[in-house]
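Subject: Structure handover

Hello,

Here is the structure for you to open. Please have it on screen while you read; my notes follow below.

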Amino acid sequence: MEQTTDVYTPYHPRWLRPRVSTYWWLQKPAYLRFILREGSCMFVGWFTVYLLLLLDAVLEGPLAYEVFLAWSGTPWVLALNVVTLAFVVFHAITFFQAAPQAIVVRLGRTRVPPRAVLLGHYAGWVAVSAIVWFVLLGV
Amino acid sequence: MSNRIRLQIARYRPEQESEATFDEYEVPYTKEMAVLDGLNFVKDRLDGTLAYRWSCRMGICGSCGMDVNGEPKLTCATFLTDYAPGPVRIAPLRNFPVIRDLIVDIGDFMRKLVKIKPWIVRAAEKPLAEGEYRQTPEELEEYKQFSMCINCMLCYAACPIYGLDPKFIGPAVIALAQRYNLDNRDEGSAERMSVLSEHDGIWGCTFVGECTTVCPKHVDPAGAIQRYKLTAAVESMKSFFAPRGA
């Protein structure tokens with residue numbers, strides 16, 4: 001009966017200290033979303049590396065660019081980039097959803113509604129995409 | 001005529017057992033009965049040895065926080081009818097040591113709370129003759145949301161970061177620090193910053209956001225922490241580019 005464990009505290013009864021399960025992130029959908037959001041940064045990192053490789057190929061000349069394009073068309077790179085795109089979109093959306101909680105904007109005496117802050121982020125996203133589109137395609 | 005519902009209640013009797021077990025009780029309920037009323041029925045009529053904390057029964061005192069079907073809840077504001085046909089599984093709040101049955105020890109929180117000086121800090125008090133410290137409704141609105149915290153610990157129970165690393169100062173302490181930082185009568189934000197900008201302060205938070213979801217008083221601790229991170233980052237940039245005395 002008298003098992004002395006590290007939970008024993010002098011002058012107190014033995015306190016029970018349940019351990020957090022290794023799989024705590026599977027206990028709630030919200031926890032799983034959090035882990036996916038945090039994990040998605042790996043894919044954001046990969047996109048950055050991929051862009052740098054593209055830039056490097058473009059700078060080296062037409063031949064290197066052709067090689068890069070052929071490599072990008074291989075099934076595994078294609079598959080990786082499709083998964084990456086999904087995670088990057090998930091990352092962006094969850095990041096935008098969180099933004100109004102962190103950014104409190106005031107205009108004079110009134111607080112800009114959190115929804116407006118969220119819409120501002122989406123508007124910024126659309127604007128930047130449009131500029132990139134215009135620069136690349138000129139349409 | 002009332003319906004009946006089964007309550008599965010966590011029991012931990014340190015003098016008898018080294019692990020928690022669940023005892024089952026059946027209680028009658030009506031639509032206005034909270035989970036806490038169910039516990040009181042058990043205590044009064046079925047098993048007087050059940051131990052749990054409660055006081056005001058109206059979401060003010062913050063004593064009756066428990067884990068109800070896996071979610072941290074104020075049991076006085078959680079209704080049995082919402083869990084019909086049951087069973088309802090009631091356990092102590094997660095992430096805290098259990099003293100007995102549904103009672104947890106929150107000493108860790110109390111020790112952390114004092115560190116951030118949860119009171120109005122003034123460099124010098126003005127003489128009484130000069131009157132009170134006046135405040136406009138807008139100035140009150142700045143911090144009012146964070147002043148609604150009732151220290152119920154639901155946010156700590158929902159925070160996986162606190163569960164994994166108990167050194168993390170935690171959501172409510174940071175929200176309460178913001179309550180005073182954003183109060184225009186207060187002059188203690190620099191002192192609080194030194195505690196909150198430590199590794200186990202705001203930077204421990206990875207923005208899971210569950211603290212805000214479970215908060216029964218809509219305090220939004222996750223928002224408070226992210227706002228404070230922004231403040232801390234701006235302050236550190238300022239001190240980098242324009243060090244004091246330069």
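Helix H1 of chain B (residues 35-46) lies across strands E1, E2, E3 and E5 of chain B. The helix runs at about 100 degrees to E2(B). Bear in mind that this is a predicted model.

Now the sheet under discussion. Five strands of chain B form an open sheet, in the order E2-E1-E5-E3-E4. The pairing is mixed. Strand E2 (21-29) and strand E4 (71-74) of chain B stand at the edges. Each has a single partner strand, so one side of each lacks a neighbour in the sheet. From one strand to the next, the twist averages 35 degrees.

Next, the pairings, starting with E5(B). Strand E1 (residues 3-11) of chain B and strand E5 (residues 88-91) of chain B run parallel. Three bridges join them. Within E5(B), B:Ile90 is the bridge partner of B:Ile9. Strand E3(B) is also joined to E5(B), by two bridges, and these strands run antiparallel. Here B:Ile90 is the bridge partner of B:Val68.

On to E3(B) and E4(B). Four bridges join these two strands, which run antiparallel. One pair to look at is B:Met66 with its bridge partner B:Lys73 in E4(B). The two strands form a hairpin with two residues between them. In the turn, B:Asn69 has a positive phi of about 45 degrees.

Which way do the residues of E3(B) point? In a regular strand, side chains alternate between the two faces of the sheet. In E3(B), B:Gly65 and B:Asp67 point one way. B:Met66 and B:Val68 point the other way. Are these four buried or exposed? All are buried.

Finally, chain A. What does chain A contain? There are four helices and two strands. Along the sequence, the pattern is α-α-α-β-β-α. Chain A has 139 residues, and buried residues make up 4% of them. Take the contacts in chain A with a separation of 6 or more: residues 24 or more positions apart account for 38% of these.

Best wishes

Key:
Residues numbered from 1 in each chain as written. Chains lettered and ligands numbered in written order. Predicted model: local features only at pLDDT ≥ 70, side-chain atom pairs only at ≥ 80, totals over all residues. Pairing = 2+ DSSP bridges. Axes fitted to C-alpha atoms, helices over the stretch in contact; angles between N-to-C directions. Contact = placed C-beta atoms within 7 Å. Buried ≥ 20, exposed ≤ 12 C-beta atoms within 10 Å, placed from the backbone.
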